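Me: I have a protein model open and would like to learn how to read it. Could we go through some features together, starting from a single residue?

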Amino acid sequence: MFIYKTKVFTGNVLSAGTRNSVCLQLVGTKGSSPVVHINKLLMLKRGSVRNIEIKSQKDLGQLYLIRLNAKKLILRQDKDWFCSKVTVTTPENEEVLFPCYNWLSTEEPLAIRDATAKLVFTDIPEGRVEREKELEKRQGYFKYFPLDGKCTRTVFLSVLKQTVHLTFREQFGSPSSRKATSDSLLGFQYVKEHWEEDEFFGYQFLNGINPMLIQRCSKLPDNFPVTDDMVKASFQGQLTLTEEIQNGNIYLADYARLNGIPANMINNKQQYMAAPLVLLYKTADDKLMPIAIQLKQKPGEDNPIFFPTDSKYDWLMAKIFVRSADFVEHELTTHLLRTHLLSEVFAMATLRNLPPIHPLYKLLIPHSRYTFQINIQARNDLISDDGIISKNAAIGGKGLNMFLKKAAAALTYSSLCLPEDIAARGLESIPNFYYRDNGEKLWNIIHSYVEGMVKFYYDSDSHVEDDSELQKWIGEIFTHGFLEKQETGVPKSFGTVPELVKFLTMVIFTASVQHAAVNNGQHDFVGWMPNCPTSLQKGPPTTKGQCTEETMWETFPDIDVTAYGLITVNLLSSQSPDFRALGSFPNERFVEATPLKLIEKLQEDLQAYGEDIETRNVGRPLLYLYLAPEEIENSVAI
Ligand code: FE2
């Protein structure tokens, strides 16, 4: 008789227990154990452990699978059961872990592989069969949403049902507010007090919620005819604009993507958006100051270029139109498309193509937690035809999809890789750029972690090439995330270890660090409406000398629009009660010593990075804490 000492763990999550009758069977290379009842008439309680001895007439060989089945009791069916893991001690005294972290319904059994990660060509033949079965099942459940934010009801319901049942239901919970912290209230207060100032206007291009638009200006765009004379006051008679451009001190923010996008009707009133060009100057004392603003792309008499030397309200109105344009660029391109929707594509490709025993499934799955749920909510409540953004932002209505399509068409791989993006925008040396400084450190920490993992599982480039599951994974990302466009620079296959390491770094960075940088400060920067109006109800001024304080108030959105904007950004900046910080992986998925050490090293690196955040913030009037490690979530979850 061969005795397998088995421990069955019910997860410690809401509603995890069940009275359904649960059966377990062990499967090894030499045969299967009898099917045993785990609970009979007992309830499997949340957080509990059941010890079972499974007796087999024969040696089962190498255990590689367990099967879990649930049946309803005679009288009634109980709720699904959440199994976190099963451990088995073999007659040879070897402990085998089966990570589950899944819900078992009476409708569908679960087949759980052991925890030792395997690539498809290092797996045993029986294991390869199980991989195929698992992926076939998942590909039936999980279907891509289109990147423009629309989806059919059938696809939507299918994905929602399966994400709830298969993978993520443990994580439901109502959000609590991160913004109740004193630091955040200070941020909001600071914005309220400084929103009119040029220095703060410039600061936001680097350390606000949209640090993705500004670039060094090496040549003025043809449609932005600023002359040396026009801006000489900004240089206090020292150098000219041409000379300052040569010295690398001039920067540009161009909102060209908004050109030609129709604005919404709100409360039966036409709304307006500008497509501005902004010129900024890095002063000798390292401030970034706006020196010229043109609100429409086509130069002309009805499209004056505004300067700080203009009247107070001419200049302030020009800045308000820029901030309102930045709301659109930030929410739709920087936040929704480049973090939420891309992370969804990565998560979908992972669930469809990598079986749970694949090392990269284990690596990536914590970085997709909650992403489907929050995106489904965003599709329903924010950008659907009667969503909050559709109803209360100038970009709502048909402009929203036009804009998203333009933004999706402009996506490139290198713009998603922080070091390359910073270099391409010429921002390597601009001072006081905290997003870059923190982001680069975090990029390197994640890169080192990913490199360790990939090198442990892939001995050589040929292993990467031969991993058919991985190649399908990147193929689907190329097709569904980047619309099969070679010019995006996204690979459609992987040939080498470094290529794979870089791509995986980008995937994890996007879901965690990048999302934190562009998400967590929304309440601070958008909560005070004049700093970031979601809509404006008068057009950009066409002549100078017409703007007054009254014009400004008439241009700001109605109070209901303002209130909806505030409620939305407050919610979007909130933190869920079961927030998991970057590098925190409570679900045991890896068992080998090297990956466990790499996770430990990642956590140490993040802690060391975080320890001097407070020191680095000393002396700053506005703290930059969006990339403090405890503020970065593993995944796009809000
Ligand atoms: Fe978000």
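Me: Which residues does Ser56 touch, not counting residues up to four places away in sequence?

Reply: Before we look, note that this is a predicted model: local features need pLDDT of at least 70, side-chain atom pairs count only at pLDDT 80 or more, and totals for chains, interfaces and linings use all residues. Residues are numbered from 1 along each chain as its sequence is written, and side-chain values use heavy atoms, with hydrogens and water left out. Contact means heavy atoms within 4.5 Å. By that rule, Ser56 touches Met1, Phe2, Tyr4 and Pro34, leaving out residues up to four places away in sequence.

Me: Is Ser56 buried or exposed?

Reply: Buried means under 20% relative accessible area, exposed over 50%, and partly exposed in between (1.4 Å probe, protein chains only). Ser56 has a relative accessible area of 2%, so Ser56 is buried.

Me: Where is Ser56 found?

Reply: Helices (H or I, at least four residues) and strands (E, at least two) are DSSP runs, numbered from the N terminus. Ser56 belongs to strand E5, residues 49-56. A polar atom of the Ser56 side chain also lies 2.7 Å from the backbone oxygen of Lys58.

Me: How many aromatic pairs does a search of the whole structure find?

Reply: Rings of Phe, Tyr and Trp (its six-membered ring) pair if their centres lie within 6.5 Å; planes under 30 degrees apart count as stacked, over 60 as edge-to-face and the rest as tilted. The search finds 24 aromatic pairs. One of them joins Phe456 and Tyr457, edge-to-face, with 4.8 Å centre to centre and 80 degrees between the planes. Phe456 has 33% relative accessibility, so Phe456 counts as partly exposed, whereas Tyr457, at 11%, counts as buried. Elsewhere, ring pairs link Tyr190, Phe200, Tyr203, Tyr434, Phe525, Tyr624 and Tyr626 into a cluster.

Me: Which ring does the charged end of Arg620 sit over?

Reply: A charge sits over a ring if NZ of Lys or CZ of Arg is within 6 Å of the ring centre and within 35 degrees of the ring normal. The charged end of Arg620 sits over Tyr434, 3.5 Å from the ring centre. Lys85 lies over the face of Phe9, at 4.6 Å from the ring centre.

Me: How many residues does the largest nonpolar core have?

Reply: A nonpolar core is a set of buried Ala, Val, Leu, Ile, Met, Phe, Trp, Tyr and Cys residues joined through side-chain atoms within 4.5 Å. The largest one has 141 residues, and Trp473 and Phe503 are among those with the most contacts inside it. Helix H6 (residues 312-353) gives the largest share of this core, 22 residues. A second, separate core has 25 residues, including Val8 and Leu110.

Me: Why does the length of helix H10 agree with what it should span?

Reply: The expected span of a helix is 1.5 Å times one less than its number of residues. Helix H10 (residues 398-409) has 12 residues and should span 16 Å; its end C-alpha atoms are 17 Å apart, which agrees. The buried residues of H10 include Gly399, Leu400 and Phe403, and the buried residues of H10 pack against H6 and helix H9 (388-392).

Me: What is phi of Asn93 near?

Reply: Phi of Asn93 is near 70 degrees, a positive value in a residue other than glycine. Asn93 sits in the loop between strand E7 (81-89) and strand E8 (95-104), and with 65% relative accessibility Asn93 counts as exposed.

Terms used: A polar contact is a pair of N or O atoms within 3.5 Å; within protein, one must be able to donate a hydrogen and the other to accept it, and residues adjacent in sequence count only if both atoms are side-chain atoms.
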